[in-house]
Amino acid sequence: MNEGWLALIQQALSLLFSLDPEVWSIISVSFSVSFAALAITLLPSMVLGFLLAFARFPGRWLVTNLVQTLQSIPTVVIGLLVYLLLTRMGPLGDLKWLFTQKGMILGQMLICAPVLVAMSQAAFTSVDRRAWETSRTLGAPALSAIWAVCRELKVPLLLAIVAAFSRILTEIGCSMMVGGNIAGVTRNIPTAIALETSKGDFAQAIALGLVLLVLALILNFALGTLRGKAEPRSH
């Protein structure tokens, strides 16, 4: 590694450890928006995943395929859809959410929900239905039976949550279109990295990239530990 790279990494670390206000404002916007989108969509998405796995109702096949399709739509297309909804002439224009964090949360909810529904449906489908049916036959309340199933599936469900959070935290297309990359308001980590790289300010881009890298390492180590604790009980 040459001296230029070392100097950039030193500058990036200095920005992080000196608590540079601009850098930490960007990090704060990223996490607050993505946590809010995840928190709002988590429970409804898990319930829908459970219903798609256990219930039989007309249109189930259509909903399942629609969710699978939504997962593969590029985030920039979702950003375009939300932009058209929130623009002054759009059906939600009166909310005045365009280029605000509320608009970004709405966009990230549409990105996050299909991932949570599809992965939780796959997890619930993998569990032995007899556990659910036995609990209900023995008179257990529905919520208690659902909680028992969720406890058995805590690792795959946590994987679904991590995958959904990672997708919205790192997406750039929707955030750029709906948020507008306004400094101190809607500028998040992905849009800031793109902007600073285009300006040649690699130190700040590296600093923000390091935050995502450290987060990914922490989440993967945590999930690896959970998997390790769960595996012996499966034999």
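K96 counts as exposed because its relative accessibility is 69%; exposed denotes over 50% relative accessible area, buried under 20%, and partly exposed the range in between, computed with a 1.4 Å probe and protein chains only. The structure is a predicted model in which local features require pLDDT of at least 70 and side-chain atom pairs count only at pLDDT 80 or more, while totals for chains, interfaces and linings use all residues. Residues are numbered from 1 along each chain as its sequence is written, and side-chain values use heavy atoms, with hydrogens and water left out.

K96 is located in the loop between α4 and α5. Its phi is positive, at about 55°, although K96 is not a glycine. Most residues other than glycine have a negative phi. A second residue of this kind is N181, a non-glycine residue with a phi near 60°. N181 occupies the loop between α9 (173-179) and α10. In contrast to the exposed K96, N181 is buried, because its relative accessible area is 11%.

## Overall architecture

The chain contains 11 helices and zero strands. Read from the N terminus, the order of elements is α-α-α-α-α-α-α-α-α-α-α.

Taken along the principal axes, the C-alpha atoms fill a box of roughly 65 × 50 × 25 Å. The chain has 235 residues, of which 37% count as buried.

## The largest pocket

The largest pocket holds about 420 Å³ of space. Its lining comprises 16 residues, and those closest to the centre of the pocket are L43, M46, F124, I146 and C150. A pocket is defined on a 1 Å grid over the protein atoms alone, as an open set of points with protein on both sides within 12 Å along at least five of seven lines; a 1.4 Å probe fits at the points, and lining residues have an atom within 4 Å of a point. Grid points are joined across faces, edges and corners, and the volume is the space filled by probe spheres set on the points.

Helices α2 (21-54), α7 (142-152) and α8 (154-170) each supply at least two lining residues. The greatest contribution to the lining comes from α2, with six residues. By class, the lining consists of 14 nonpolar residues, no polar residues and two charged residues. In this classification Ala, Val, Leu, Ile, Met, Phe, Trp, Tyr, Cys and Pro are nonpolar, Asp, Glu, Lys and Arg are charged, and the others, Gly among them, are polar.

V47 is classed as partly exposed because its relative accessible area is 43%.

The partners are K199 and E196, whose closest N and O atoms are 3.5 Å apart. Both residues lie in helix α10 (residues 189-199), three residues apart, or about one turn of the helix.

The two partners fall into opposite accessibility classes. K199 is exposed, because its relative accessibility is 57%, whereas E196 is buried, with a relative accessible area of 1%.

## Residues in other helices

Helix α4 (residues 75-86) includes V82, which counts as buried because its relative accessibility is 0%. V82 and L6 are 76 residues apart in sequence, and their C-alpha atoms are 41 Å apart. P114 lies in helix α5 (residues 101-126) and is likewise buried, at 5% relative accessibility. Its C-alpha atom is separated by 34 Å from that of L16, which is 98 residues away along the chain.

M176 is part of helix α9. This residue is partly exposed, because its relative accessible area is 33%. From M176 to A194 the C-alpha separation is 9.8 Å, and the two residues are 18 residues apart in sequence.

Methods
Helices (H or I, at least four residues) and strands (E, at least two) are DSSP runs, numbered from the N terminus. A salt bridge is a side-chain nitrogen of Lys or Arg within 4 Å of a carboxyl oxygen of Asp or Glu.
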